[in-house]
Amino acid sequence: MAEDCILETSGLVKEFRGFVAVNDVNLKVRRGHIHALIGPNGAGKTTCFNLLTKFLEPTRGQIRFNGIDITREAPQKIARRGIVRSFQISAVFPHLTVLENVRIALQRKLGTSFHFWKSDRGLNQLNDRAMELLTAVDLAGYADMVTVEMPYGRKRALEIATTLALDPELMLLDEPTQGMGHEDVHRVMELIKQVSANRTILMVEHNMKVVAGISDTLTVLARGSVLAEGPYAEVAANPLVIEAYMGTEASGLASIPANDDRPPGPLPGEGDDHGSLRSNSGGAG
Amino acid sequence: MSRRVTIAYLLGLALLLAAPMFIYPILVMKVLCFALFACAFNLLLGYTGLLSFGHAVFLGGAAYVTGHALKVWELPTLVGLLAGTVAAAALGWVIGSLAIRRQGIYFAMVTLALAQMVYFLFLQAPFTGGEDGLQGVPRGTLFGLDLSVDINLYYLVLAIFAGSFWLIQRTIHSPFGQILKAIRENEPRAISLGYDVAKYKLLAFVLSAGLAGLAGATKTVVFKFATLTDAHWHTSGEVVLMTLLGGMGTVFGPVVGATVIVTLQNELADKVGSLVTVIMGAIFVICVLAFRRGIVGESLALYRRMIGQKAG
Ligand SMILES: Nc1ncnc2c1ncn2[C@@H]1O[C@H](COP(=O)(O)OP(=O)(O)O)[C@@H](O)[C@H]1O
Ligand SMILES: [Mg+2]
């Protein structure tokens, strides 16, 4: 089982009018892992997600999910197979209530989604399950609020609850902690760890503390290509990675500051030891 | 329907039942036809977020089919109405299938282009009577009632309107309507949750086209003719105006918008002549610039502000 691959890409390429955003990416995501995808801004992480979920058509290459070739499938089909993604820009239904947001995800299984002649009161049978999911992300108290009125961090949490509602085999999270305050980051990190119990997670994450804290495997992407892959400690010591991030060989990934509210972007090179592997084992301090 | 909407609906229905005692029934019937047309359009624009700029072709297409069925085939009135509705829904399926592949303004352009093509067909085809239209369509009878008596027909038209309005409300507040709202709010997210959004949009389009068709079919029976005007792009523009003026995405907005526009046109037609077009244009500009939520939308907002002030 150790070698069991849930998702595998071979020679994945995406070109935008000659510009190569994703270049020959061979990704192997192991079942049950939390797999982090990192890299400087513009490295092609979001494009990769768009290819994997078929929101974009690959120029070349192949994607296999559980051994099945899904390269030519439609995005909604991919979702129904069990690959559910979140988006970098918070993806909620802003003018529906928080409860309705989660219910939309649960609703498809009822098989009544085309029934325009039926009352939507029939959807109330999903409320209990929706409340369970909201409780899991600490949003039970917001259930009846119109989503647009919630603070940003809460919207991201709602997004995770909505994604979880489909009970996906593989969950793709694009910068789940982006723009969050210290407390929220810690909570979302714990949440991801908790929900990873019986599923696989592939996530783009800029916060090194989160990456070091919960990921089993790490893939570093730079200018569309895979630079390094492996466990955090191994990757952090890789000179290629150090160079890509720092532009210098003097300091390592281990010396990247891991401030929770650090804006996304090429990682800065201050020699603060705060975010090192060693000092990171304790989670949010 | 929510309690407030149900109360308003029943009140409106009571008013409409009594209306022919005070107002010329033909005018009310005309208002009801256009109100249904605008409600059908609002289902698409207000609740699905799709701007069709060719909806007149469903109104006009159904008008011709019903006219032909009643006049040439001499079918019963109800069957004629049904034929027009089904034909419009089928045409909606064809135009919708082609248009939903595009987004936003391109969607609107495709609907306009296809509607223009069908309009040209109506202009050339022999069964429409070309420039003259189909004249002298018989109203027929219903369960022995002579529909050529205005007041008899009035209650049939009111029943059609009330039933369709109810169906539209039900659609909005159905499991299907919930997905339509999700698509309007965030289409990529709806896709990522496994919904085949194209199918939902297409069904919404077909429903909207069918109901717009029912409005056109009814109009033919009321006026005893079907002409090119119904299918013209001016009419497609008018329904946008009615919906925006009344309040898009509100339950009663399209009804209010249609009432205002039809009444104005009726009042002004013999007084200012072709200036009517200019006045409609001015109303449109004022509506877009000054009160974007439309009459009903702005009234609701004002009401909520007043409630809020009392509470605060
Ligand atoms: N739809 C698109 N059209 C053209 N270029 C794009 C498109 N999407 C992304 N890119 C380009 O591809 C590169 C990778 O972008 P992205 O995947 O968003 O990076 P990341 O998520 O790693 O920050 C960027 O240079 C971006 O400008
Ligand atoms: Mg990105």
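This is a chat about a predicted model, going from its overall build to a few single residues.

Q: What should I know before I start?
A: The model is predicted, so local features need pLDDT of at least 70 and side-chain atom pairs count only at pLDDT 80 or more, while totals for chains, interfaces and linings use all residues. Residues are numbered from 1 along each chain as its sequence is written, chains are lettered from A and ligands numbered from 1 in the order in which they are written, and side-chain values use heavy atoms, leaving out hydrogens and water.

Q: OK, how many helices and strands are in chain A?
A: Chain A has nine helices and 11 strands.

Q: What domains does chain A have?
A: The assignment gives domain 1 (1–82 + 168–285) and domain 2 (92–167); such bounds come from an automatic or database domain assignment.

Q: How many residues are in contact between those two?
A: 16 residues of domain 1 of chain A are in contact with 13 residues of domain 2 of chain A, where contact means heavy atoms within 4.5 Å. Pro168(A), Arg187(A) and Leu191(A) lose the most area on the domain 1 side, together 37% of what that side buries. Buried area here is the accessible area (1.4 Å probe) that two parts lose on being put together, summed over both.

Q: How many salt bridges are there between the domains?
A: Two. The rule asks for a side-chain nitrogen of Lys or Arg within 4 Å of a carboxyl oxygen of Asp or Glu. In one salt bridge, Arg187(A) meets Asp138(A) at 3.9 Å, N to O. Arg187(A) sits in helix H6 (residues 182–195) of chain A and Asp138(A) in the loop between helix H4 (127–136) and helix H5 (152–165) of chain A, so the pair ties together parts 49 residues apart in sequence.

Q: Are those two residues buried or partly exposed?
A: Arg187(A) is partly exposed at 28% relative accessibility, and Asp138(A) is partly exposed too, at 45%.

Q: Switching topic: what coordinates the magnesium ion?
A: Thr46(A) through OG1 and Gln88(A) through OE1, at 2.0 to 2.2 Å, coordinate this ion, which is ligand 2. Thr46(A) is in helix H1 (residues 45–52) of chain A, while Gln88(A) is in the loop between strand S7 (83–85) and helix H3 (98–107) of chain A, 42 residues apart. Donors are N, O and S atoms within 2.8 Å of the metal (3.2 Å for Na, K and Ca), and water is not among the atoms, so sites may look incomplete.

Q: What about chain B, how many of its residues are in contact with chain A?
A: 26 residues of chain B are in contact with 35 residues of chain A. About 2800 Å² is buried between the chains, 62% of it from carbon and sulfur atoms.

Q: Last one: is Leu99(A) buried or exposed?
A: Leu99(A) counts as buried, at 11% relative accessibility. Leu99(A) is found in helix H3 of chain A, and its contacts beyond four places in sequence include Asn127(A) and Met131(A).

Note on methods:
Helices (H or I, at least four residues) and strands (E, at least two) are DSSP runs, numbered from the N terminus. Buried means under 20% relative accessible area, exposed over 50%, partly exposed in between (1.4 Å probe, protein chains only).
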